[in-house]
Structure formats: C-alpha cells, structure tokens
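Kindly read it with the sequence and the model side by side.

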Amino acid sequence: MKKLINAVETVLDEQLQGLAKAHPDLVLNTEPVYVRRADAPVNGKVALISGGGSGHEPMHAGFVGKGMLDGACP
C-alpha cells in the first residue's frame, strides 16, 4: 500500500484541510487544532468529543457528523 504524504511535518494539517474542504458540514479550527460540526452546539444534546492520535490522526475526525461525534481533537 502506498501513502501520499508531501512532508511528515505537515501531514496532519494537510489531511484535516482536505477533510474540511470535502465536507462543508465540518469546521476546522487551527489553533488549537480540532474539528467540529458546523451546526454545533445542538440544543438539547450533550456534546460528544473524541481525542485521538499516536500515529492514527486524524482518524476520529472522520467520525464527526450528524448522529456521531460533535468534535474531535487529533
């Protein structure tokens, strides 16, 4: 399996930027880095946020959306 990585130093930022461009229902915050639903907070709903990393980032950012996570901190 091949990986498409321009530079190890920028791989997380580039992956998150691509995810946000592909999904307009997500908002990418860059400082600090996290992804959230564009319609958050949702009235009457407890926010569900996940952290992830240790080489798997931005894995949990892919689970942000309606009926799933409200945010992820890679």
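The points below go from the whole chain to individual residues.

1. Basis of the note. This is a predicted model, in which local features need pLDDT of at least 70 and side-chain atom pairs count only at pLDDT 80 or more, whereas totals for chains, interfaces and linings use all residues. Residues are numbered from 1 along each chain as its sequence is written, and side-chain values use heavy atoms, with hydrogens and water left out.

2. Confidence. The mean pLDDT (the predictor's confidence in each residue, from 0 to 100) is 87 for the chain, and 93% of the residues score at least 70. Strand β3, residues 49-51, has the lowest confidence, with a mean of 89, while β1 has the highest, at 94. Where pLDDT is low, the predicted coordinates should not be read in detail.

3. Secondary structure. Helices (H or I, at least four residues) and strands (E, at least two) are DSSP runs, numbered from the N terminus.

4. Dimensions and burial. The C-alpha trace spans about 45 × 25 × 25 Å along its principal axes. Of the 74 residues, 19% count as buried; buried means under 20% relative accessible area, exposed over 50%, and partly exposed in between (1.4 Å probe, protein chains only).

5. Surface and charge. The accessible surface is about 5500 Å², and carbon and sulfur atoms provide 58% of that area. Areas come from the Shrake-Rupley method with a 1.4 Å probe; for residues, only the protein chains shown count as cover. There are 7 positive and 8 negative side chains, and the centres of the two sets lie 8 Å apart. Lys and Arg count as positive and Asp and Glu as negative, with His and the chain ends not counted; each charge is placed at NZ of Lys, CZ of Arg, CG of Asp or CD of Glu.

6. Contacts along the sequence. Among the contacts with a separation of 6 or more, 39% join residues 24 or more positions apart. Contact means heavy atoms within 4.5 Å.

7. Asp70. Is Asp70 buried or exposed? Asp70, in the loop between β3 and β4 (71-73), is buried, because its relative accessible area is 7%. Its side chain makes a polar contact with the side chain of Lys45 at 2.6 Å. A polar contact is a pair of N or O atoms within 3.5 Å; within protein, one must be able to donate a hydrogen and the other to accept it, and residues adjacent in sequence count only if both atoms are side-chain atoms. Beyond its neighbours within four places in sequence, Asp70 touches several residues, including Val35, Arg36, Arg37 and Val64.

8. Val42. The loop between β2 and β3 holds Val42, which is partly exposed at 29% relative accessibility. Val42 and Asp70 are 28 residues apart along the chain, and their C-alpha atoms are separated by 8.9 Å.

9. Ser50 and Cys73. Ser50 belongs to strand β3 and Cys73 to strand β4. Ser50 counts as buried because its relative accessibility is 18%, whereas Cys73 is partly exposed at 37%. The C-alpha atoms of Cys73 and Gly52, 21 residues apart along the chain, are separated by 6.6 Å.

10. Asp13 sits in helix α1 and is partly exposed, at 38% relative accessibility. Its C-alpha atom is separated by 8.3 Å from that of Thr30, 17 residues apart along the chain. Pro24 lies in the loop between α1 (11-22) and β1 (26-30) and counts as exposed because its relative accessibility is 71%. The C-alpha atoms of Pro24 and Lys2, 22 residues apart along the chain, are separated by 27 Å.

11. Cis peptide bonds. Which peptide bond ending at Pro32 is cis? The bond from Glu31 to Pro32 is cis, with omega near 0 degrees, and Pro32 is in the loop between β1 and β2 (33-37). The bond from Ala40 to Pro41 is also cis, with omega near 0 degrees; Pro41 is in the loop between β2 and β3.
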